[in-house]
Amino acid sequence: MSSTDVLSPEPTPAAPKRREERDSVVIRFCGDSGDGMQLVGTQFTNVSASFGNDVSTLPDFPAEIRAPQGTLAGVSGFQLNFSSHDIFTPGDEVDTLVAMNPAALKTNLPDLKRGGTLIVNTDEFDKGNLQKAGYATSPLEDGDILSKYQIHKVAMTRLNRDAVSGLGLSMKDQDRSRNLFALGLVYWLYDRDRTPTEQWIQDKFKKKPDVVEANLRALRGGFNYGFSTESFTTHYAVPKAKLSSGEYRKITGNEAVAWGLAAAARLAGKSLFFGGYPITPASDILHTLSELKNFGIRTFQAEDEIAAMASVCGAAFAGEIAVTASSGPGICLKGEAMGLGVMTELPMIIVNVQRGGPSTGLPTKTEQSDLLLSFYGRNGDSPIPIVAASSPGDCFHLMIEAVRMAVDFMTPVVFLSDGYIANGSEPWSIPKFADLKPIEVKHPSGRPADAEGTADDFLPYLRNEKGARPWAIPGTPGLEHRIGGLEKADITGNVDYSANNHHKMVMNRINKVAGIANHIPLQTVEGPESGKLLIISWGGTFGAVRTAVQQSLKNGKSVAHAHLRYMNPFPKNLGEIVKRYEKVLIPELNAGQLSLLIRGKFLVDAQGLNKIQGKPFLVSEVVRKIDEMLES
Amino acid sequence: MTATLPVLTPKDFASDQEIRWCPRCGDYSILAQMKKVLPTLGIPKENFVFVSGIGCSSRFPYYVDTYGFHSIHGRAPAIATGIKTSRPDLQVWVITGDGDALSIGGNHLMHMLRRNVNLKVILFNNQIYGLTKGQYSPTSPVGVKTKSSPYGSVDNALSPLCYAIGSEATFVARAIDVDIKHLTMVLERAAQHQGTAFVEVYQDCNVFNHDAFLYATDKSVKGDHILYLEHGKPLTFGQTVKKGIRLNGATPEVVELGKGISEDDLLFHDEKSADPSLAFLLSRFKHPVFPEPLGIFRNVVAPVYDDQVNKQLEAEVAKKGQGDFDKLFHSGDTWIVE
């Protein structure tokens, strides 16, 4: 394939190149939202994961599909951390920043580590683009920037056009492969194998041979550029990580939610009904499930969020594993039908992939600000169990537990994810399906059609030892009964507004959910069993907080970490745990929602570390707060 | 399926719940006719589900001894879609009212209809909010004085059937609570339809809107105010004088028969017409300018949503086999750590 090599058939380096080893590297690709940055980030992640690095990713893109070209609002980025040891976060500071235009440079440069590598596409630094980014003069001539970073000015657009010339592509189509030129260059810089990406290009565009050729040439062109040019003197290797043995794949949070749901339904011996409405960042759950028809999964794209939730109530009544997934604004609309789920005590799952709020808020950015909505966002005393996944891969296993909880206790369950978990990815140890624990589902059997007795001796609200009512499904002879949103009489389920019955039924529902604490794992703590400082975190902040705690422990600090996955009810030993430490810190991506609950429930003076910027915590932010609390 | 079904009677469909509609409410008649029709359909009792929203009519499921779901305001079509899509073996009825279906639930009604979910929908139209004690509804005529419109309502009224036809409904019918035989026939026809069967029933709220339909029920005048539709027959009506509907260009007009006008000059009803224009034209007939048609406006065959959904599932299983999770987990790039 020498014809596709660019600068020369057998490129020779201008100077001998050094190869150095690195323990862990953070790269960020950034450019215009049409520049294909998500694609190259994903390719780099796949190649690194397949190689055996631990990886963690953070895609960051604007809500607009194509914001005006070259503007600050239109910048799309993809950050990944790849490492030779266990990592939990996409990294605080960027080691290598690839900026495809001035706007991308401007919005991302503050995150580049001092002394870090900066690769810029100089061809896009023309007057117009500089102006759109708000630069009066070119930052590439700025002595301050030049002294702070190792800057590589690459005329990427021109070099790439040279690489793909002669294929008869329009200028626009030629420039489309520019992102792969950048990827090729970074592949060289980090000693990555190009082959999986070349294979991917060939599969993806197999119907367009000229596009395949252009992309291959671009990728190799970038690689060879790094190899040949004097600008790059060193390239780096990041050895394989020592993950536990087994087979791995990469998984995003949304994929893991979808697969967890599919697997849970099979484990329960049931089919899955998914009623949803498109919403960022939850839509990929609908997309993934809608492909799995041969797994017996029915997906219903409803007319709105309300109908999606209502259809789930109907499917649950009909005996399905019934699920909806949405994000904040959608969950608000679902609130009424979720209350119907509480009143009718039917099993169902409500996935909330949290994003910045209130209202439309920050559709593509992460936040943890729907915790109180999940607890209290319905009329009446309306208890719903809540679980929160801590990483992309965790979504799979926690979802199976959520479904088990829903059918065991006959209740809706809220499953909290967030934009960071949903779109982020990590290596996932592939389970064997046969090793997953089945979910037991019991439907009362009816009597033969010719049997004696009145239909009305079936008691739809007679509870078992867990407080759960029977799940009698339509089509069962003799168990015909009516449910609904009006208050039910205890045991019979008939409509009943009487004073004492209502009090009793509210308490029945509350006690049933509270009782789940006896059936979930006890809370574990990383670090000392008692001491100066306990950090309580939940959901997608796991990685940053755990890394911060590990660093602090290594530095001899007295700090412990309890990461919650079960939010309602809390694990039953949590109250006792919080009292074993002098201080409690609760870092959250909201204004203090878990803090309010922990303070209220356990009467402890918990302090918050609150970040509401649409971005995950940096490890350093948590470390700094730990130090501050231990010093004061 | 069992070879022989037990013989069911209306009594088998009576629940043990005390009926709490006002005395002489039109709902009683609809309930009675429903209980008459259900045993005749050849469907086991346990395979019926009644789903309702909120309002007086929506108490209906409590009074039939089948599976029932008295849900939330306006959402019955969506809940029923969830049931029917996942359980095509069930016959699912939706009971709703003018406020429930057309106001708070208007969106769900439209989408159920255009999808053609195999549901039977009965809309009790009494042109008033009864359960909340008498506010004007989306079908209340302009000028009506109610608790929330003491100076007369300025809201333009909506015809449920126009809405249904505009939403691509495949079965559209109208009946009156007091015309028992005709109501029974319409319910039977609705039950037999494959797809969404939408039936509007004029129902008297004798407390908050009594005699809103007197023009269509009073024996001394109703002959001039209603017109019974029969497939393949000319559109005729008349209390004493035989009248008919003739098209003048695209405009319908009322004509007297005789004096050179025969039935052959009239518009003939065709419920099976693929083009909904005739059904729509009929749905626009409003008292007192035109007689209001009763019967089946439209009854056409079209793909049924829940059938299509389930066929896709079957086709995928036939093509790829029952989904294998281990295969799914290993799809795409995987790697082994020793």
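Guide: Let's start with a rule: two strands are said to pair if DSSP finds at least two bridges between them. Keep in mind, too, that this is a predicted model. To find it on screen, look for Ile483(A), which stands opposite Phe69(B) in strand 2 of chain B.

Now let's step back to the contact between the two chains. Chain A puts in 64 residues and chain B 55. On chain B's side, strand 2 (67-70) is among the elements that give two or more residues, along with helix 2 (76-86), helix 4 (106-115), helix 9 (305-320), helix 10 (325-329) and strand 12 (334-337). Helix 2 of chain B gives the most, with eight residues.

What does chain B look like as a whole? It has ten helices and twelve strands, and its C-alpha atoms fill a box of roughly 95 × 50 × 45 Å along the principal axes. Of its 338 residues, 45% count as buried. If you take contacts in chain B between residues at least 6 apart in sequence, 65% of them join residues at least 24 apart.

Arg246(B) belongs to strand 9 (residues 243-248) of chain B. It counts as partly exposed because it has 17 C-beta neighbours inside 10 Å, and buried would take 20 or more. Leaving out residues up to four places away in sequence, Arg246(B) touches Glu253(B), Val255(B), Asp265(B), Leu266(B) and Leu267(B). Trp335(B) is another story: 89 residues along the chain from Arg246(B), with 77 Å between their C-alpha atoms.

Over in chain A, there's an open sheet of seven strands in the order 11-10-12-13-15-14-20, with mixed pairing. Strand 11 (297-301) and strand 20 (566-568) of chain A each have a single partner strand, so one side of each is left without a neighbour in the sheet. On average, neighbouring strands here are turned by 20° against each other, direction ignored. At the strand 20 end, strand 14 (residues 386-388) of chain A pairs with strand 20 of chain A in the antiparallel sense over two bridges, and Ile386(A) has Asn568(A) as its bridge partner. Helix 15 (residues 394-409) of chain A lies across strands 12, 13, 14 and 15 of chain A, running at about 165° to strand 15.

Chain A also has helices that meet each other. The axes of helix 5 (residues 156-164) and helix 7 (residues 178-189) of chain A come within 9 Å and cross at roughly 100°, which makes the two helices roughly perpendicular. Met156(A), Thr157(A), Leu159(A), Asn160(A) and Ala163(A) in helix 5 of chain A meet Arg178(A), Phe181(A) and Ala182(A) in helix 7 of chain A. That contact splits into five nonpolar residues, two polar and one charged.

Technical notes
Residues are numbered from 1 along each chain as its sequence is written. Chains are lettered from A and ligands numbered from 1 in the order in which they are written. This is a predicted model: local features need pLDDT of at least 70, side-chain atom pairs count only at pLDDT 80 or more; totals for chains, interfaces and linings use all residues. Axes are lines fitted to C-alpha atoms, for helices over the stretch in contact, and angles run from 0 to 180 degrees between N-to-C directions. Helices (H or I, at least four residues) and strands (E, at least two) are DSSP runs, numbered from the N terminus. Angles under 35 degrees count as roughly parallel, over 145 as roughly antiparallel, 65 to 115 as roughly perpendicular and the rest as oblique. Two residues are in contact if their C-beta atoms, placed from the backbone, lie within 7 Å. Ala, Val, Leu, Ile, Met, Phe, Trp, Tyr, Cys and Pro count as nonpolar, Asp, Glu, Lys and Arg as charged, and the others, Gly among them, as polar. A residue is buried if 20 or more other C-beta atoms lie within 10 Å of its own, exposed if 12 or fewer, and partly exposed in between; C-beta atoms are placed from the backbone.
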